[in-house]
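User: Hi! I would like to go through this model with you, one question at a time. Could you take a look with me?

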Amino acid sequence: MQIAPGAGDMGAIAGRRWAWTFVFAALYLGLAACCGPPAWAQAHRSEPAPASPPTTTLTGDWGGLRSYLDNNGITFTFNYTNDFLANVRGGIGPGAVAIGVFQPQLDLDLQKLLGWEGGKFHTHGLITHGPLFSPTYLNNILAVSNLEAGPVARLYSFWYEQNAFNDRLSVAPASCRRIASFSRAGRP
């Protein structure tokens, strides 16, 4: 067995680098322990934390209706995403489209709403609009945008969760991604 000339030197250098790295890490941790911030137990305050500022939404509080519903266990969430896609050269021909997706969600906290301890209900819809860009202008099957689905309405998720034993047990079904789908043509 032959060892290349200088191989032992490289191993010694690498070993020294690891040793120095270890020394600097130990010094850093030692200094951090001595001069670092106080321990969590020392930093604990007995008075309550200051109230957090109210969260704001794009559409506001709806004249107090949103906060009233939220305090009573009903939470609405509306998301909208839009893409503008254009083909200026190549493919089948030039063209541009606007596509988008609207995602309404409803969450019910059954403890606040009905007094049913630990019950939660969630539903999430998915409504897309706009023509199919990729097959129309590029003549390819692979969509260039994850919003590209054509005009369709879907029930994206729908589930019920039950917590028990002071939230030590939680039972919820596996997430169902595509429960029902309805398009303008009447086909799923």
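Predicted model: local features only at pLDDT ≥ 70, side-chain atom pairs only at ≥ 80, totals over all residues.

User: Which element supplies the largest share of the nonpolar patch?

Analyst: Residues are numbered from 1 along each chain as its sequence is written, and side-chain values use heavy atoms, with hydrogens and water left out. Helix 3 (65-71) and strand 1 (74-87) each give at least two residues to the patch (helices, H or I of at least four residues, and strands, E of at least two, are DSSP runs numbered from the N terminus). With 3 residues, the largest share comes from strand 1.

User: How much accessible area does the nonpolar patch have together?

Analyst: A patch of this kind joins nonpolar side chains (Val, Leu, Ile, Met, Phe, Trp, Tyr) within 5 Å, from residues with over 30% relative accessible area and no salt bridge (a side-chain nitrogen of Lys or Arg within 4 Å of a carboxyl oxygen of Asp or Glu). Accessible areas come from the Shrake-Rupley method with a 1.4 Å probe, and for residues only the protein chains shown count as cover. The members are Trp62, Leu65, Tyr68, Phe76, Phe78, Tyr80, Phe102 and Ile127, and together they have about 760 Å².

User: Is Phe76 buried or exposed, or in between?

Analyst: Phe76 lies in strand 1. Buried means under 20% relative accessible area and exposed means over 50%, with partly exposed in between (1.4 Å probe, protein chains only). Because its relative accessible area is 31%, Phe76 is partly exposed.

User: Which residues does Leu69 contact, leaving aside its neighbours within four places in sequence?

Analyst: Leu69 is found in helix 3 and counts as buried, at 15% relative accessibility. Contact means heavy atoms within 4.5 Å, and the partners of Leu69 are Ile74 and Phe76.

User: What is the phi of Trp62, and where is Trp62 found?

Analyst: Most residues other than glycine have a negative phi. Trp62, although not a glycine, has a positive phi of about 55°. As for its place, Trp62 is found in the loop between helix 2 (40-43) and helix 3.

User: Over how many bridges do strand 3 and strand 4 pair?

Analyst: Two strands pair if DSSP finds at least two bridges between them. Strand 2 (residues 95-109) and strand 3 pair in the antiparallel sense over 8 bridges, with Val101 facing Thr128 of strand 3. On the way to strand 4 (residues 152-164), Thr123 stands opposite Phe158. Strand 3 and strand 4 are also antiparallel, and the number of bridges is 10.

User: Which side chain does a polar contact of 3.0 Å join to that of His124?

Analyst: His124 is found in strand 3 (residues 119-129) and is buried, because its relative accessible area is 8%. Among the residues that His124 touches, not counting those up to four places away in sequence, are Pro104, Arg154 and Tyr156. A polar contact is a pair of N or O atoms within 3.5 Å; within protein, one must be able to donate a hydrogen and the other to accept it, and residues adjacent in sequence count only if both atoms are side-chain atoms. The side chain joined to His124 at 3.0 Å belongs to Gln103.

Technical notes: Patch = residues over 30% accessible without salt bridge, like charges linked within 9 Å, V, L, I, M, F, W, Y side chains within 5 Å.
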